[in-house]
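Colleague: I have the sequence and the model open. Can we go through some local features in turn?

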Amino acid sequence: MKTTVTTSVGGKQITIETGRLAKQADGSVLVSSGNNMVLVTAVCSKKASELDFFPLTVEYIEKFYATGKIPGGYFKREGKPTTDAVLTARLIDRPIRPSFPEGFRNETQVVATVLSADGAFPLEILASLGASAALHVSDIPFNGPTAAVQVARVDGQFVANPTPQQLEKSDMDIIVAGTRNGLLMVEGETKFISEADVLAALKFGHQSMMPLLNAQDELREKTGSAAKRAFTAPSIDADFKAQAVSMLQSKIAQALSIKVKQDRYAAVAAASAEAETALLGSITDKDLAKQRKKELSAIVEEIKYQEARSMILDKKVRIDGRDVKTVRSIANEVGFLPRAHGSGLFTRGETQCLGTVTLGTGDDEQMVDALLGTQKRRFMLHYNFPPFSVGEVGRFGGQGRREIGHGNLAERALKAVLPDHEKFPYTIRVVSEVLESNGSSSMGSVCAGTLSMLDAGVPIKGNVAGIAMGLIKEGDRVAVLTDILGDEDHLGDMDFKVAGTTTGITALQMDIKIDSVSFEVMEQALAQAKDGRNHILAEMEKVIRTARGQISEFAPRIETIKIKPDKIREVIGSGGKVIRGITEATGVKIEIEDDGTIHIASADPEATKKAIGMINDIVAEAEVGKTYKGRVVKIAEFGAFVEILPNTQGLLHISEISNERVRAVTDVLKEGEFIDVKVLEVDRSGRVKLSRKALLQ
């Protein structure tokens, strides 16, 4: 039976409906606002998997019929998800994942399908709401509900779920997700705003999601949903666990004091192997041996978890020996690659990122066949995370969701400082190659990206650095960690990344692994992040502070000129004949905008100069009193027509040919002949009157 609830956030009505579509799914809801509709389903396997992690998958599917559009490409059907679709799937996944019970291993799939869209409402908010609602009304174990809100600030006022027009005027674009108790996820970009303003935005976002949480509870109550499936976390045999802990605890505690990551991992692996031989060597039952081996792995992880957290909370010492606020040692280099247009090598502890910059023309812009129309992107940041960066063997292929997400975060952090396109008309591609990783390679990519853009001569508006903050929380005991290691991310309760300049924040991302974190803790994390960020910036600026005065000799030089819009047709020519002739003659690239702006790009300054001269000749207009060398193109009884500029002819009257009386024009001039003439007059209709006689006097 169809059941509907309606609520409102930011003055916009949102409806959640269940019982009409996809009824064979464990949970199914249709979430809508205006003409925007997203169907979200949740299905969970009845049996637990053999995996040692929670196998949750989230898919966000854009159907082009939702906007009345036929997909591009040869096949004319939806293909692999766009980057934006992958990022939206991550936004849905991150707040619901920690809301499942600890130890839950049943394969679960959440699918959000866009059925209708007009661009007036953020679809990711509807999809995130739908994911929680579908799980909430189902019998799948889920400690929800959760909800998400997009926060903007227009004219000093916070706005929930803004329109595209409001977002254009906003100095922030932040998505906030959480439960009644607190926040679970933050993702967004800002324009150099303060930590206090970020905190205020997060508080506003949390308060704004309350109607969405209430609506989900109302929907579950109205549907009379069945009780959640019984779930008991798998337990480990007490005697076996006691033996393992007795054998491993001191060895793992000792291993965790080793500062070098690979040596630390080797020590833990050696202790685990020793325990496996001692405890499992006598077991003959293969199934039991397999079970015990799995349990031993879980025991090792639990000991690491407890020991690492105890070191920080009790001894105020971290795995690598630092206190909670110290940033790891930093090393920077620029100009590392001779042929790249710009390069920067950023090393922080055991995390190392090589940033490169390539400058291109408008032809290099990325064209995206998006749901709401074709998009052009002049700035791209691509993040690569090869398996050797963590000392592992793995396959190479397309970029996974993690790589897309980390690259997007770094891109948003740097986007705020890009120069205006009118002043620096280049397409910019930054690539971050993660060469080593032990904590926050995405923030390392921000730093490497800044170094490489400065090295490339990109006149950015400020230098950006990023840092990752962590959290260890046990009851009332709390430790906020600056510049976390990979292990501290894995064993901690929060991963809070903040990027910005000395004047303010440009991007942030937060994931919470526990029920909630107070705003007081977040305020402390933001303050420590600012100190850490400024420290990293100071280290970077010891190597390079401002953009180089010129771009690489291997990069195209782009010169910009302006012509009258009504002259564009003359430069292009019939069927593009004229502009094609210029590019063939000079080898340059030419881009013409509708307002008459022309960009000429070439690595050869002389070729650029020649092309500009040819264009200026085409669009030049006759000036009264100026002398031109013209070609006689036609002779008549009353005079001759002389081409003084491309597409510009003037009349040389028979009386203006010579000081003497001319009986016939052909007595003095021939067609094709070049002569010097002076412009006497240009009338309102653009007709040009010429004189040869004036130059003979």
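Colleague: Leaving aside neighbours within four places in sequence, which residues is Val-633 in contact with?
Modeller: This is a predicted model. Val-633 lies in strand β25, residues 627-636. Leaving aside neighbours within four places in sequence, its contacts are Phe-641, Val-642, Glu-643, Gln-649 and Glu-671.

Colleague: Is Val-633 buried, partly exposed or exposed?
Modeller: Its relative accessible area is 23%. Buried means under 20%, and exposed means over 50%. Val-633 is therefore partly exposed.

Colleague: What distance separates the C-alpha atoms of Val-633 and Glu-681?
Modeller: Along the chain, Val-633 and Glu-681 are 48 residues apart. Between their C-alpha atoms, the separation is 20 Å.

Colleague: Is Glu-195 buried or exposed?
Modeller: Glu-195 is in helix α4, residues 195-208. Leaving aside neighbours within four places in sequence, Glu-195 is in contact with Ile-505, Leu-526, Lys-530 and Arg-533. Its relative accessible area is 14%, so Glu-195 is buried.

Colleague: Where around the axis of α7 do its buried residues lie?
Modeller: The buried residues of α7 are Lys-261, Arg-264, Val-268, Ala-271, Ser-272, Ala-275, Leu-279 and Leu-280. They cover an arc of only 130° around the axis, so they lie on the same side of α7.

Colleague: Which helices are included in what covers the buried residues of α7?
Modeller: Helix α7 spans residues 261-280. The cover over its buried residues includes α6 (238-255), α8 (286-315) and α11 (486-491).

Colleague: At what angle do the axes of α7 and α8 cross?
Modeller: Val-268, Ser-272, Ala-275, Glu-276, Leu-279 and Leu-280 make the contact from α7. From α8 come Ala-289, Arg-292, Lys-293, Leu-296, Val-300 and Lys-304. The crossing is right-handed. The axes come within 11 Å, and they cross at roughly 140°.

Colleague: Which residues have the most contacts inside the largest nonpolar core?
Modeller: That core has 126 residues. Its largest share, ten residues, comes from helix α2, residues 123-137. The most contacts inside the core belong to Ile-428 and Met-453.

Colleague: What does Ile-428 touch, not counting residues up to four places away in sequence?
Modeller: Nonpolar side chains tend to be buried together in soluble globular proteins. Not counting residues up to four places away in sequence, Ile-428 touches Val-357, Thr-358, Leu-359, Arg-378, Phe-379, Met-380, Leu-418, Met-453 and Val-458.

Colleague: Which peptide bond is cis, with omega near 5°?
Modeller: Most peptide bonds are trans. Pro-145 is found in the loop between α2 and β7 (147-154). The cis bond runs from Gly-144 to Pro-145.

Colleague: What is phi of Lys-316?
Modeller: Most residues other than glycine have a negative phi. Lys-316 is in the loop between α8 and β11 (330-334). Its phi is positive, near 60°.

Colleague: Asp-483 has a positive phi of about 60° too. Is Asp-483 buried or exposed?
Modeller: Asp-483 sits in the loop between β19 (477-482) and α11. Its relative accessibility is 1%, so Asp-483 counts as buried.

Key
Residues are numbered from 1 along each chain as its sequence is written. This is a predicted model: local features need pLDDT of at least 70, side-chain atom pairs count only at pLDDT 80 or more; totals for chains, interfaces and linings use all residues. Side-chain values use heavy atoms; hydrogens and water are left out. Helices (H or I, at least four residues) and strands (E, at least two) are DSSP runs, numbered from the N terminus. The expected span of a helix is 1.5 Å times one less than its number of residues. Buried means under 20% relative accessible area, exposed over 50%, partly exposed in between (1.4 Å probe, protein chains only). The arc is that of the directions from the helix axis to the C-beta atoms. Contact means heavy atoms within 4.5 Å. A nonpolar core is a set of buried Ala, Val, Leu, Ile, Met, Phe, Trp, Tyr and Cys residues joined through side-chain atoms within 4.5 Å. Axes are lines fitted to C-alpha atoms, for helices over the stretch in contact, and angles run from 0 to 180 degrees between N-to-C directions. A crossing is left-handed if the near helix is turned anticlockwise from the far one by less than a right angle, and right-handed if clockwise.
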